[in-house]
Amino acid sequence: MQEVFFKDLGAVGYKDAWNFQEQLLQKNVRAKTLAKAGLPYSSNGAGQQTDSGSPAATHHYLLLCEHPPVYTLGKSGHAENVLLSEAALHQKGIEYYETNRGGDITFHGPGQIVGYPILDLEKYYTDIGKYLRNLEEVVILTLQQYGIKGERSPGETGVWIEPSVKGRERKICAMGVRCSRWVTMHGFALNVNTSLDYFNYIIPCGIANKQVTSIEKELSFNPGTEDVKATLKNCFEQVFDCTLVGES
């Protein structure tokens, strides 16, 4: 069983969270580079390099947070899937970033739990497809605790409700990741009670004519993001056979 350092970032700007992820990823990549060269490296649980050298060791992390309203575009996405002009985005107070993750356009905002796992997959398996399926499984198990049947939609990453019922397909969790030297970043966005109106101004994940939903919409009540976070953490430990350490 592996240790994963957990940190709840709370409400944080998208760029600040992105920069923090990059720092953690690059420290892990640097550790791997030094190890390959036979050079000493050590770091504490916060990912900071220490003075006394030892054989290189990477660390796993799980960051959870919420963002102010922001649209993010994946590296394979299409900017035309944003249906608002730059001026309209500014007027509505919505930020916009082109990112280095996979996937197309998505929305992050209050009432949505965003998860950023920074994992060294060489300690698990070197298979991005399997990693994405496991992230989906974390969310599917989480939804199960609230009586919601989350499912996969063939060829469409993320978690859906009734994906095989034409006209009823609705996405509840979007996903997009980046991997460098088998170290991951970016992750998933689970709609708890976020305003779904924001999705009307984009073609979510580049998929037209399909709905977006939330836990609150499915249940007709809001279980609260803190409750869902606790459930997510337990399911993450189960799927990734790990123990979350650090912040409770």
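This is a predicted model: local features need pLDDT of at least 70, side-chain atom pairs count only at pLDDT 80 or more; totals for chains, interfaces and linings use all residues.

Colleague: Why are H3 and H5 called oblique to each other?

Modeller: Two packed helices are described by the angle between their axes and the distance between the axes. Helix H3 covers residues 128-144 and helix H5 covers residues 225-239; they pack at about 135°, with axes 8 Å apart. Axes are lines fitted to C-alpha atoms, for helices over the stretch in contact, and angles run from 0 to 180 degrees between N-to-C directions. Helices (H or I, at least four residues) and strands (E, at least two) are DSSP runs, numbered from the N terminus. Under 35 degrees counts as roughly parallel, over 145 as roughly antiparallel, 65 to 115 as roughly perpendicular, and the rest as oblique. The angle of about 135° therefore makes H3 and H5 oblique.

Colleague: Which residues make the contact of H3 with H5?

Modeller: On H3 they are Asn134, Glu137, Val138, Leu141 and Thr142; on H5 they are Val228, Thr231, Leu232, Cys235, Phe236, Gln238 and Val239. Contact means heavy atoms within 4.5 Å. These residues divide into seven nonpolar, four polar and one charged. Ala, Val, Leu, Ile, Met, Phe, Trp, Tyr, Cys and Pro count as nonpolar, Asp, Glu, Lys and Arg as charged, and the others, Gly among them, as polar.

Colleague: How do you know that Cys235 is in no disulfide?

Modeller: A disulfide is a covalent bond between the sulfur atoms of two cysteines. The rule asks for a pair of cysteine sulfur atoms within 2.5 Å. For Cys235 the nearest cysteine sulfur, that of Cys242, is 11 Å away. By this rule the count comes to zero disulfides.

Colleague: What makes Cys235 buried?

Modeller: Buried means under 20% relative accessible area, exposed over 50%, and partly exposed in between (1.4 Å probe, protein chains only). Cys235 has 5%, so it is buried. Cys173, at 1%, counts as buried too.

Colleague: Why is Ser180 called buried, and where does it lie?

Modeller: Its relative accessible area is 18%, so Ser180 is buried. Ser180 lies in strand E9, residues 170-180. Not counting residues up to four places away in sequence, Ser180 touches Leu25 and Val29. Ser180 and Leu25 are 155 residues apart in sequence, and their C-alpha atoms are 7.9 Å apart.

Colleague: What makes Ser220 exposed?

Modeller: Ser220 has a relative accessible area of 67%, so it is exposed. Ser220 is in the loop between helix H4 (215-219) and H5. From C-alpha to C-alpha, Ser220 and Ile207 are 25 Å apart in space, and 13 residues apart in sequence.

Colleague: Why do Glu162 and Asp241 count as partly exposed?

Modeller: Glu162 has 26%, so it is partly exposed, and Asp241 counts as partly exposed at 44%. Glu162 is in the loop between strand E8 (156-161) and E9, and its phi is near 50°, a positive value in a residue other than glycine. Asp241 is in the loop between H5 and strand E12 (242-246); phi of Asp241 is near 45°, again positive in a residue other than glycine.

Conventions
Residues are numbered from 1 along each chain as its sequence is written. Side-chain values use heavy atoms; hydrogens and water are left out.
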